[in-house]
Structures are given as structure tokens and as C-alpha cells.
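Welcome! Please take a moment to look over the sequence and the 3D structure before reading on.

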Amino acid sequence: MKIIGELSLFSIIIGSVNVIFSNDPGFFNIPFNPYIDFALVVAAYYGKYYGFYSLFASAFTISLPLPLVFFLIKGKIDIISYWKELGDNSLIPFAVGLLGIYLFGLIREALTSRSVRDRNRLKIISRDKATLMREVKGLRTVNLELEQRVSRQEDSLTTLYTQIQSIRSLNVDKALFALLETVQHFSGATKCSVWEYKPESSSLVLSSTLGWDSKEKAEAVLTDSDCIEGWVVRNNTIFSATMLLQYENLRQMDTGRNLFTIPILAGRKVWGILNIEEMPFEKYNLYTGRMLQLIVALAANALEKTLEYSSVLKQAETNPVTGLPSFVYFSKIINNELKRVKYEKGKLSVIISEIQNFGTLADRYGKDEVLRLVVELIETMTFISENKARFFHYKSENQIVILYPNLDFDGSSLFSLNLLEAINKRDWEIRGESISMDLILGYSSLTGTEQTLEDLLGIAENLLEMQKI
């Protein structure tokens, strides 16, 4: 309607100019006809239909309003003669104008159609280019992931071995956090957690997290009947988010927090689950799923030992400073270990360490300060044993006994040499003062199925006493 109004206004304006040239109504006696030429311009710019309208609007202006204005100005006009003369003069220009409008309109439509076609083609090209760029970006990401996977291949086994050994901790919290760090290193997970299964309450309790904030840790208990974590525990089966496309029951339990959920075994039973909540898109693939299964499988034995030792600490009386169980509980544990090793025909070593200057240091700095030094000593022992050994207090406070499975007599000798070397290289301090660590070691290994606990400890004690002479 706006264009129609503008065209009508222009026709009236041209008619107003025509009033000045009253001797040539319609401007048919001059080479340049503003009525027709304007209609041609309109046809070329807006299309033939608007051109036709402009021409007919001009014809209407010339036929009715213009003679009326002439009548008002001159006072008298022969309208019949006016129309007759107008008809004779306008026939050819009007016909030429119609033809010109039609041709200009066709040219305009052709150009417009071509322009629209070109724009649509450019849109398609632009859209295809954007799609191609996304695909190229995705391929680059996948290619980078594959290159990194290949480049890390040589270091993967060494790194995995080191990480698994760190799970062999005497502390459950440290062991679980080490497991999550291993998972993060090999899968790129930015948010993951470990949940312990409590069969007596049919629930899962949050045990360790990585990438969580404090608010999320508030909801730390899940029932095993209405969540994917519980489904994984009940079925001892790995869950992947792609399974939501196949199983309706899993879709009903899905809350959007499970990308990979893997059962964690301790011995022959499911202890809990490892859950991956967030990870980079390119990392979510079959390879990552297999790697997570491998990590959990390798960590199972180490985690079982850690949980067993943690259970010991909970049941036994422990030293308030060192946190180690007493000799009484060591006796119970080693009896069970001897039965197991003899049945499996395996290896077992016992190493007794004694700080000879314990009394002198205790008199000078206090017994608790020296026991804190013992904690540092145990950390060194743990590092050298690669988290494979377990530690207890022996018969005296200055004695620590090491229970080392799968180690023979030669291995015990090598461990003792490495330990003494590490102690001699390290600077030991109490309250900022440098002190000497006078440590002696006695060790023995299970050599036959008939060997008793007294025989095993007797050999280690005799070797220890020989060094005091």
C-alpha cells in the first residue's frame, strides 16, 4: 500500500506540473513524456504491475482531475473535445508505454529472479561451507585425539603402572583419589566420582570426587533401586550413555549425570562404582570405555588390599600419633597371611626396622616428636615398596614391622639396601634441628610350607640382634 500511495502521489505531482502547461495536456507533444517515462522507471524498479498502475494512475489524472482544474482556472472547457483530442494524441504513446512497461517489467523480473537464485545459491554455499568447517573442526579434533593417543602410547604403560601403584595406599581416601586422578589422566574426564555400595541399606555413598563443588557433595547418598549407579551394582555391568538409545528402563532412571559408570570389584564382590559425569566430547568413545575398564580391573587388587588394611585399622588399636596397628593385631594378620601364602604356594617377607637412637631423641625432643619422625619414615618405606607393603608397630615403640607379600629373601635384602640408602641421603629434622636416623633392619622370608610364624620372626629378630653387637 505504501508503494501504491507513493505512485499515486507522483502522478498527482506530474499532473500539477501539467497544469502550468495547459496547452499540452498529457505532455504528448514533446519528446519527453513524464507520465510514461515515470511508469517505465517504476516498471524497471518495482515490476510491471506497479508500472501498469502508475500508467493508469497518470491516465486517470489526465482524464478527470486535470480537466477539472482547467475548468476552475479558465472557467469553461469542452470536456468532450478535450477527451477526443486526448484520445487521438495518447493512443500511440499509451500503446508504446504499455509495451515498454511490459518489457521493462520482464527484464526486471529476470534480473530479480537471477538475483534471488544467486542469493539462494550463496546461502546454500555458505551453509555447506559452515557444515564443512564444522566437519573439518570435528575431524581435526578427532585426528588430534588419535595423534595424542599414538604419541602417548609409549608412555601409557609406564604412566598407568605408576598410577596403579599409587592406588596401593594405606589410606582409602588417598587410594580412591589416586584412582580418580588415573581416570582423569587417561580419559580426560573433568568430573568423576567413586561411590561405595552399602548392601545393608541398599544404597550408594559418595566416597571420593574430582571436579565437584561443595554443593553437589551435599547429596551424597543414592538408593540402588532407582538410579543407573544402582543398576550397575546390581548387574555388575558397565554402563555407557549410548545404552540409553536401546533400553527404556535406563532412560527412565537417567538423570544426565552418567556418561560411563563402571563397577569396582574388591575381591569377588562389587564394592562400588566409578562414575564419569563430564568429559570432552571427542573423548567419549569405545577406546575410552575400554581404558576405563582396564584401569578399574588393574586397580581392583590394589584397592582390595587397601580396603582390607583400612578395615584392620578400624578394628585394631592404633597408635594415636603414627596411626599404625599394634603388634597384637599384626600377629592376627600375619597368621592369616601365612595360611593364604602356604595354600597358594606364594612368597612372603617380614622386615623389622628399629630406630636405635629412639630413646636419646625422645629424651631430648619428646616421644611424640620422634613418633612423627616415624610417620615420615613410613612414607619413605611406602615409596620404596611402591605401596605394596603394610606396616605395624612391633614389640617396642621404636620398632616397625613390615609385612611384604610376594617378596622373597633376595627381594627383602634389596629393599633393605634401598631403604638404608634413602635414609642416609635424606636430611632428618625435629623442630628445625638436624638429627641422625640410626636405623637397623632384620628380615626373613617364608622358605617352606612347614615354617611357622615363630621361625619367620625369629630369623628377622636374630638378624636384628646381630647388628647391635
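The paragraphs below walk through helices, a sheet, aromatic rings and a surface patch.

This is a predicted model, in which local features need pLDDT of at least 70, side-chain atom pairs count only at pLDDT 80 or more, and totals for chains, interfaces and linings use all residues. Residues are numbered from 1 along each chain as its sequence is written, and side-chain values use heavy atoms, with hydrogens and water left out.

Among the buried residues of α2 are Y35, I36, F38 and L40 (buried means under 20% relative accessible area, exposed over 50%, partly exposed in between, with a 1.4 Å probe and protein chains only). After α2 comes G47, with a positive phi near 120 degrees.

Next, find the open sheet, where six antiparallel strands run in the order β3-β2-β1-β6-β5-β4 (two strands pair if DSSP finds at least two bridges between them). Strands β3 (221-223) and β4 (239-240) stand at the edges with a single partner strand each, so one side of each has no neighbour in the sheet. Seven bridges join β5 (residues 260-266) and β6 (residues 269-278) in the antiparallel sense, and I262 has L274 in β6 as its bridge partner.

Now for the rings. The structure holds eight aromatic pairs (rings of Phe, Tyr and Trp, the last by its six-membered ring, with centres within 6.5 Å; planes under 30 degrees apart count as stacked, over 60 as edge-to-face and the rest as tilted). One of them joins F330 and F392, whose ring centres are 5.3 Å apart and whose planes meet at 55 degrees, so this pair is tilted. Because F330 lies in helix α11 (residues 327-344) and F392 in strand β8 (residues 390-393), the pair ties together parts 62 residues apart in sequence. F330 is buried at 0% relative accessibility, and F392 is buried with a relative accessible area of 0%. Ring pairs also link F327, F330, F392 and Y394 into a cluster.

Finally, look at helix α5 (residues 79-151), where L106 lies. L106 counts as partly exposed because its relative accessibility is 35%.

Methods. Helices (H or I, at least four residues) and strands (E, at least two) are DSSP runs, numbered from the N terminus.
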